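Hi everyone, thanks for coming along. Let me put the structure up, and then I'll walk you through a few places in it.

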Amino acid sequence: MVESKNILRIWAALGVLALAPGIAAAPRERGPRVESHRIVIELLPAVHGLRASDEMTLSGKTNELYFYLNKSFSVQSVHVNGREVGFRFDTAPDLSSKTLRADHTAAEFRRAGRLRVMAGPRRARTVRVTYTGELREEPAVSQFSREYIADQTAGIISETGSFLAPDSFWYPRGDEEMSRFSVETLGPAGYESVSDGGRRLHEIRDGKLAVRWENPHPADGLYLQAAPYVVSEGESGGIKVYTYFFPGGDELAALYMEKSKQYLAFYSDLLGPYPYEKFAVVENFFETGYGMPSWTLLGRTVVRLPFIPDTSLPHEICHNWWGNGVFVDYALGNWCEGLTALCADYLLQKRRAPGGDADYRRQVLRDYASYVRGNNDIPLAAFRERDNPASRAVGYGKSLMVFHDLERRVGEKAFFSGLRLLAGQWKFRRASWLDVLAVFEKLGGPQPAAFYRQWVARSGAPLLRLEGARLEEEAGRTALNFALRQEGAPYELSVPLTIVTPGGTLERTVPLATARGEFRIVLDQRPLRLEIDPQNHLFRRLFPEEIPPSIAKVLGAERPLIVWQADSAAAERFRSAAEQLDKNRTALVRSAVPGDSAERRDRAFVLVGGGIFPGEWTSLLQPVWKRIPLAPGPAEDPALCTVTTLVHPDNPDLAVLVLNAGARANLEAVVRKLPHYGKYSYLAFIGETNIAKGIWDVTASPLIVSFATMKYEEGTDIRKKE
Ligand SMILES: [Zn+2]
């Protein structure tokens, strides 16, 4: 367990004290640490109410006996060591660094009141609090998507369903980081509850349903969910598997049951034994994608998306190792999202398709380059959870690349051995980035403090430049000379490169730990090309040339130019599609491309048309045009609508999108669907159905050099950039 003063020592050692907010504050009041909770709660959905008691056992030295509990609740009684005592419930408590732990914020405690118990703190071993209350924080409008996530509610009890999160302070919390929990719920018949651990009791008592969940292992908080669910039960390798779906969800339940069994087996094999006795998939009545110890809570819409059983589900199952098995010590940043993304989303894509891993890394780097700028960048040490595309690009993307770097340094086999060690040694404890890195140090990994300083404490990304690539003849062989330069304080990198020769492709790795490094590689054959990091193994900032145009790039642009084709029988359809595209009313909508390039140079633009394009469009786009690969049949279909993005002919930082609609194309549906295909460079639809999608290959990059094959003079610089 890392306490504040130890954190201070570690941070001082790392020279990252600037990251520690409020570290110089006066010593904090030390509250009781709750070792275990035994909660009994009656849920009264019809009136949004609860009646509860929590029997807590305490541990450690305490100088003040207080607990945080939802400030709207009424406390009925408090017993210490079995005897009733007095108390004071302060509903507007001091939430400063004097009372809160350094890894907590006043915002997280905004729903909390402070219950001060009038008893000698030193002798208190058990404290029992009895209370009643109401929770009816309606879920806010859903913002859940790949890019955005928001906490919709911390607590609600209703006939539709109940969701109780630790941040609602539905049970008393002390000064502990981890506790053991058991919760017994009482509710209307059929109102099924789910929480951490194993189900110990499930019976009808006086017409009400009583259910008890017990988790023998410590956790960093307790969620409770209940609703009129249909429950199904199964088993996988000794692990009990449940599904909780609303009536009518039988087919979904069967699918999630099968997939859960499959991924529990997969991860037990990969990462070591599953830490809990059950796993449950629970449908939520509002949109979430949460993973709790031994269960996952997926929103009604999310759970029905066809790709979720093989994407979000394995991700949430994997969190039972990272985040809910080994818990996160947030004081040095949240490492668990990057590692879970690596073991789930990334690894599964790698197994699904050859090259899937490189594609995934490329997309991570493109997201980082697109969303993260100097003003919204944060170091991984400051990441807690994603709340926008930039924090996602860092907390998931950069973090994944940092673990990938670790894997490259120790090798794949040692990396997964390290993960199994981490899962075993730190099970049910809070581990920091440094604790994680220390496990790998023993397997030949990098020195943790240096690695941490470079990738976790520091924001930003390396920017690599390739310079002075040239060939020299040397005793019948060819020497390839080049330099790599990085800007800012140098990172310690192991740079992969590919040398293409007439006889095949060579893979090499060169070390770079200084601002500039010069390299000389002697080859038997004269190389055709040198490519630096073509498989995107390094976390680095991409050049604009390495990011192909995408639909998101055009749709996300400020003040775009939208041009519709006026000289067509379908002009009216094109005009209304242009208006549909301009939903923010910030675009410049025209029926002809401005002739003066100055008017369009600083604007992304969209062309909407069909059939034969006007000559001005053709001449403008010719230099950048790319053809979508389509079979002859669909290519001739009058219901075809293609979407093509291109590099802006006047400005390589911007993009152009061309909507080309056949006479019977469903232009309205295509425009409506565009935002769902943001990462793609091109699309094709027949009617409403997508029949092709893809991302253009990047062939030109400042990190690729081709060597001319004809003119060759010894010692002269004959590189030619593509
Ligand atoms: Zn996650």
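Let's start with Ser391, which is buried at a relative accessible area of 8%; buried here means under 20%, exposed over 50% and partly exposed in between, with a 1.4 Å probe and protein chains only. Before going on, a word on the source: this is a predicted model, where local features need pLDDT of at least 70, side-chain atom pairs count only at pLDDT 80 or more, and totals for chains, interfaces and linings use all residues. Residues are numbered from 1 along each chain as its sequence is written, and side-chain values use heavy atoms, with hydrogens and water left out.

Back to Ser391, which sits in helix H6 (residues 389-410). Helices are DSSP runs of H or I with at least four residues, strands are E runs of at least two, and both are numbered from the N terminus. Beyond its neighbours within four places in sequence, Ser391 touches Phe383, Glu385, Arg386 and Tyr396, with contact meaning heavy atoms within 4.5 Å.

Now the metal. Which residues coordinate the zinc ion? They are His315 and His319, each through NE2, and Glu337 through OE, at 2.0 to 2.1 Å. Donors are N, O and S atoms within 2.8 Å of the metal (3.2 Å for Na, K and Ca), and since water is not among the atoms, sites may look incomplete. Along the chain, the zinc donors follow the spacing H-x3-H-x17-E. His319 belongs to the loop between helix H3 (312-318) and strand S20 (327-328), while Glu337 is in helix H4 (residues 336-352), so this pair, 18 residues apart, links distant parts of the chain. Both His319 and Glu337 are buried.

The largest nonpolar core has 161 residues, and Tyr267, Trp322, Trp335 and Phe482 have the most contacts inside it. Such a core is a set of buried Ala, Val, Leu, Ile, Met, Phe, Trp, Tyr and Cys residues joined through side-chain atoms within 4.5 Å. Helix H2 (residues 250-271) gives the most to this core, with ten residues.

Setting aside neighbours within four places in sequence, the contacts of Trp335 include Trp322, Phe403, Trp433 and Val436. Trp433 and Val436 are also among the buried residues of H8. Helix H8 (residues 433-441) has seven of its nine residues buried, so the rest of the structure largely encloses it.

That's my tour, and I'm happy to take questions!
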